[in-house]
Amino acid sequence: MESLDERLERIEREAEAMPQLDKLTDQALRMLLKQHLHDFCQMSGQLASKSFADIAREAQPRRAALDMLLRECEIRGQYSS
């Protein structure tokens with residue numbers, strides 16, 4: 001398991017690597033979502049040959065990025081209604 005400090009550092013790195021979501025056009029946000037969902041689907045073909053620790057380690061950054069993208073979708077959805 002990651003220590004709390006390692007986890008915070010990873011989250012900060014992932015946040016810095018993400019584009020400023022509020023600056024993206026709707027189309028660009030949709031394309032990012034599509035890419036991240038595609039990445040998750042690509043992992044499914046490899047699940048049988050990986051340990052659970054490897055699966056978690058590889059999925060973690062993808063999940064964090066997807067969480068941020070989905071949060072931006074929620075925000076946009078609240079303001080567009």
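Arg71 and Glu74 are separated by about one helical turn, because the two residues are three residues apart in helix H3. Helices here are DSSP runs of H or I with at least four residues, strands are runs of E with at least two, and both are numbered from the N terminus. The side chains of Arg71 and Glu74 meet in a salt bridge, with an N to O distance of 3.3 Å. A salt bridge is counted where a side-chain nitrogen of Lys or Arg lies within 4 Å of a carboxyl oxygen of Asp or Glu. Arg71 has a relative accessibility of 41% and therefore counts as partly exposed, and Glu74, with a relative accessible area of 45%, is partly exposed. The classes are buried (under 20% relative accessible area), exposed (over 50%) and partly exposed (in between), with a 1.4 Å probe and protein chains only.

The model is predicted: local features need pLDDT of at least 70, side-chain atom pairs count only at pLDDT 80 or more, and totals for chains, interfaces and linings use all residues. Residues are numbered from 1 along each chain as its sequence is written, and side-chain values use heavy atoms, with hydrogens and water left out.

The chain contains three helices and zero strands, and the order of elements from the N terminus is α-α-α. Along the principal axes, the C-alpha trace spans about 40 × 30 × 20 Å. Of the 81 residues in the chain, 23% are buried. The salt-bridge count comes to six.

Asp67 is partly exposed, with a relative accessible area of 40%, and Arg63 counts as partly exposed at 39% relative accessibility. Arg63 is 41 residues from Asp22 in sequence, and the C-alpha atoms of these two residues are 19 Å apart in space.

Glu72 and Arg76 are likewise placed in helix H3, four residues apart, about one turn of the helix. The closest N and O atoms of their salt bridge are 2.9 Å apart. Both Glu72 and Arg76 are buried. Salt bridges with shared partners join Asp26, Glu72 and Arg76 into one network.

For charge assignment, Lys and Arg count as positive and Asp and Glu as negative, while His and the chain ends are not counted. The side chain of Asp39 makes a polar contact of 2.9 Å with the side chain of Gln35. A polar contact is a pair of N or O atoms within 3.5 Å; within protein, one atom must be able to donate a hydrogen and the other to accept it, and residues adjacent in sequence count only if both atoms are side-chain atoms.

Two surface patches were identified. Leu4, Leu8 and Ile11 form a nonpolar patch, with about 290 Å² of accessible area together. Ile11 is located in helix H1 (residues 4-17) and, at 41% relative accessibility, counts as partly exposed. Asp5, Glu6, Glu9, Glu12 and Glu16 gather in a patch of negative charge, and Glu12 lies in helix H1. Patches consist of residues with over 30% relative accessible area and no salt bridge; like charges are joined within 9 Å, and nonpolar side chains (Val, Leu, Ile, Met, Phe, Trp, Tyr) within 5 Å. The place of a charge is taken as NZ of Lys, CZ of Arg, CG of Asp or CD of Glu. Accessible areas come from the Shrake-Rupley method with a 1.4 Å probe, and for residues only the protein chains shown count as cover.

Pro19 is placed in the loop between H1 and H2. At 35% relative accessibility, Pro19 counts as partly exposed. Pro19 and Leu32 are 13 residues apart along the chain, and their C-alpha atoms are separated by 9.9 Å.
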